[in-house]
Amino acid sequence: MTDPLSEVVTLLQPTARFSKRVEGSGHWRIRREGQGDPFYAAVLEGTCELSIDGRPPLTLLAGDFVLIPAVQMLENASAGASQDIEPSIPTRIGEDHFRIGNLDGPVNLRVQLGHCSFASPDAALLVSLLPDLVHVRGEQRLATLVQMVGEEARSRRPAREVVLERLLEVLLIEALRSRSGPAEGAGLVLGLADERLAAALRAVHARPAHAWSVVTLAAEAALSRSAFSARFTKVMGMAPMEYLLTWRMALAKRLLRDRELGLQQVAERVGYASAVTFGVAFARHTGVSPARYARANGTQAPGV
């Protein structure tokens, strides 16, 4: 059976940027600006507070894991730190090993954290299908995976990049499918947690070329048309047909980059009867024609 979550993560093509161990001592506060890149952290020992993009602080405990698919502003502070404390810069004390707060005091926090990148040209589109924030509590395997990513990132072993890519895919899937903590926002993860919506989502991913409508998708979910549409929009953050179009365009872009199919074949694979109607829909959605998109990404789809 098609797994929508695995498909999205695989299409994102996660690649490691860096992973590091951070220790905290005393009271401290740090602030970083992001560029919409993915951030993850596993608390190995102690507790701290984390605020993302100006939201109220989230208290993290030992054993917690946090994933933010697209972070813009991150603020991290020791538990109970005053707002008057000026943000500081972590001090490097070893290879991929940093200290924040008191350099000589006892360590009361250990965190393994990292940033990765999504190599897919469609990253923004695919990230929109994920929740804004995933907070998982008590899943030791996530901390183990983060540790493995860090060790592999520091190594110089053969096939390092391939191993890192696979480890990150597993890490993201494990975090996103976890049911032990809340996910904020709307998106695919919450949709798959809803038994009725999950049936419709799996049907779309299994047969993207099918002539889906709100009525046929509602039937997959065993809901009335109106109930399905309202429920889908609330949980997923977009209307059913908007999600269908988003997913079809993501698949189309991958097929165009792969250069294995002609334009008519690509059109049929994503639910369009002709290359002309597909081209119009693709241009409306992306702002460029399929041929131009393929050329801009270093490929030329056969038959374009």
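Visitor: What classes of residue make up the lining of the second largest cavity?

Guide: This is a predicted model, and in it the lining of the second largest cavity consists of 8 nonpolar residues, with no polar and no charged ones. The residues concerned are Ala 200, Leu 201, Val 204, Leu 217, Phe 232, Pro 240, Tyr 243 and Leu 244.

Visitor: Which elements give two or more residues to that lining?

Guide: Two or more residues come from helix 6 and from helix 9, the latter covering 240-258. The volume of the second largest cavity is about 40 Å³.

Visitor: And how many cavities of 30 Å³ or more are there?

Guide: The count comes to 2 cavities of 30 Å³ or more, and the largest cavity holds about 100 Å³ of space.

Visitor: OK, the largest cavity then: which residues lie nearest its centre?

Guide: Phe 39, Ala 41, Asn 76, Val 111 and Leu 113 lie nearest the centre, out of 15 residues that line the largest cavity. By class, that lining has 13 nonpolar, 1 polar and 1 charged residues.

Visitor: Which strand gives the most to the lining of the largest cavity?

Guide: Strand 2 gives the most, with 5 residues. At least two lining residues are supplied by each of strand 2 (29-46), strand 3 (48-52), strand 5 (64-78) and strand 8 (109-118).

Visitor: Back to helix 6. At what angle do helix 6 and helix 8 pack?

Guide: Helix 6, residues 195-206, packs against helix 8, residues 225-236, at an angle of about 90°, and their axes are 11 Å apart. Helix 6 is therefore roughly perpendicular to helix 8, since angles of 65 to 115 degrees are counted that way.

Visitor: Which residues meet there, helix 6 to helix 8?

Guide: From helix 6 there are Arg 196, Leu 197, Ala 200 and Leu 201, and these meet Phe 228, Arg 231, Phe 232, Val 235 and Met 236 of helix 8. The contact of the two helices has, by class, 7 nonpolar residues, no polar ones and 2 charged ones. Ala 200, Leu 201 and Phe 232, which take part in this contact, are also among the residues that line the second largest cavity.

Visitor: Switching topic: is Glu 174 buried or exposed?

Guide: Glu 174 is buried, because its relative accessible area is 10% and the cut-off for buried is under 20%. The residue belongs to helix 4, residues 160-177, and, leaving aside neighbours within four places in sequence, Glu 174 is in contact with Arg 141, Leu 142 and Leu 145.

Visitor: What about Leu 5, which residues does it touch?

Guide: Not counting residues up to four places away in sequence, Leu 5 touches Ile 173, Leu 176, Arg 177, Leu 188, Val 189 and Leu 192. Leu 5 sits in helix 1, residues 4-12, and is buried, with a relative accessible area of 4%. Between Leu 5 and Leu 130 there are 9.1 Å in space, C-alpha to C-alpha, although the two are 125 residues apart in sequence.

Visitor: And Gly 24, where is that found?

Guide: Gly 24 is part of strand 1, residues 14-25, and is buried, its relative accessible area being 0%. Apart from neighbours within four places in sequence, Gly 24 has contacts with Ile 100, Pro 106, Val 107, Asn 108 and Leu 109. Of these, Val 107 is 83 residues from Gly 24 in sequence, with a C-alpha to C-alpha distance of 5.7 Å.

Definitions and conventions: Residues numbered from 1 in each chain as written. Predicted model: local features only at pLDDT ≥ 70, side-chain atom pairs only at ≥ 80, totals over all residues. Heavy atoms only, no water. Axes fitted to C-alpha atoms, helices over the stretch in contact; angles between N-to-C directions. Helix = DSSP H or I, 4+ residues; strand = E, 2+ residues; numbered from the N terminus. Parallel < 35°, antiparallel > 145°, perpendicular 65-115°, else oblique. Contact = heavy atoms within 4.5 Å. Nonpolar A, V, L, I, M, F, W, Y, C, P; charged D, E, K, R; others polar. 1 Å grid on protein atoms, 1.4 Å probe; cavity = no way out; pocket = protein on both sides within 12 Å on 5 of 7 lines; lining within 4 Å. Points joined across faces, edges and corners; volume = space filled by probe spheres on them. Buried < 20%, exposed > 50% of the residue type's maximum accessible area, 1.4 Å probe, protein only.
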